Amino acid sequence: MSEKGFEPLSSQLGIAGTSYRIQLGLINGRWASRLLKGNNVIDSYVYKDEDVQGDYPNQNIIVGWVLRTVAIPNINPHQVMKTTQALVKQAIEKKEQKKVMAPISETKDIKLEKVPESQLKRPQAAGWVKEEGTKTLQELEEEKREAFRERMQYKHEEEAERRGETIHTTRELPSIPKVGSQTSKTCPSCGKDLDWKFCPYCGEKL
């Protein structure tokens, strides 16, 4: 029988005293064995359901198939049985491993679930970014201090004026506008030279 589609489940173990090797495996999901000599496959055999006991083929049936296939007179059946026992042990262990490992066809279609955006925990950005048009706490405090200094300076000036004192400040007073080509007038009450219709000192009309 052809060995096409043979899936090995054991290594190739030699039969003592011969140049033949036996290997167990599966063909189309059924237990099978093949006999090799050198690089050539001499024969293959697929076991029927009645040839299988439990999870593996009946070892006596394997030995019988080997003895019928190998054309060696006086071959020792005991040596064939020892080789068969080792093959069956390897094949069972390999088959159990294949059951545990999921086939690629079962795993390649698995799709990863997307975690909802609300459940994502993103790292918080370190530091603080100043927004356009906003002022820092330090800038606000500086403005408060500047306003306080101006109020206190104005208050001191008012108190000095009430006491008749002169305070030299760096503040520039607005210039007094002139009225057309009007010449200077003298206040009749206090004698000051002014360009105003009313004296800012005594309030008399000029």
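This is a predicted model: local features need pLDDT of at least 70, side-chain atom pairs count only at pLDDT 80 or more; totals for chains, interfaces and linings use all residues.
At the start of helix 1, a side-chain oxygen of Asn-58 comes to within 2.8 Å of the backbone nitrogen of Asn-60. Residues are numbered from 1 along each chain as its sequence is written, and side-chain values use heavy atoms, with hydrogens and water left out.

Let's step back for the overall layout. The protein has four helices and nine strands, where helices (H or I, at least four residues) and strands (E, at least two) are DSSP runs numbered from the N terminus. Their order from the N terminus is β-β-β-β-β-β-β-α-α-α-α-β-β. Of the 206 residues, 21% count as buried; buried means under 20% relative accessible area, exposed over 50%, and partly exposed in between (1.4 Å probe, protein chains only).

Now return to helix 1, which spans residues 59-69 and buries Gln-59, Ile-62, Val-63, Gly-64, Trp-65 and Val-66. Its buried residues pack against strand 3 (20-27), strand 4 (30-37), strand 5 (40-46), strand 7 (56-57) and helix 2 (77-100).

Val-66 leads us to the largest nonpolar core, which has 20 residues; Ile-15, Leu-35 and Val-66 have the most contacts inside it. Such a core is a set of buried Ala, Val, Leu, Ile, Met, Phe, Trp, Tyr and Cys residues joined through side-chain atoms within 4.5 Å. Strand 3, strand 4, helix 1 and helix 2 each supply at least two residues of this core, and the largest share, five residues, comes from helix 2. Leu-35 touches residues including Ile-15, Tyr-20, Ile-22, Val-41, Trp-65 and Val-70, a contact being heavy atoms within 4.5 Å.

Strand 4 and strand 5 pair in the antiparallel sense over six bridges; pairing requires that DSSP finds at least two bridges. These two strands form a hairpin with two residues between them, and Gly-38 in the turn has a positive phi of about 70°.

Tyr-45, Tyr-47 and Trp-65 form one aromatic cluster. Rings of Phe, Tyr and Trp (its six-membered ring) pair if their centres lie within 6.5 Å; planes under 30 degrees apart count as stacked, over 60 as edge-to-face and the rest as tilted. The whole structure holds two aromatic pairs. The rings of Tyr-45 and Tyr-47 have centres 4.8 Å apart and planes at 80°, so this pair is edge-to-face. Tyr-45 is partly exposed at 23% relative accessible area, while Tyr-47 is buried at 1%.

Key. A polar contact is a pair of N or O atoms within 3.5 Å; within protein, one must be able to donate a hydrogen and the other to accept it, and residues adjacent in sequence count only if both atoms are side-chain atoms. Lists of a residue's contacts leave out its neighbours within four places in sequence.
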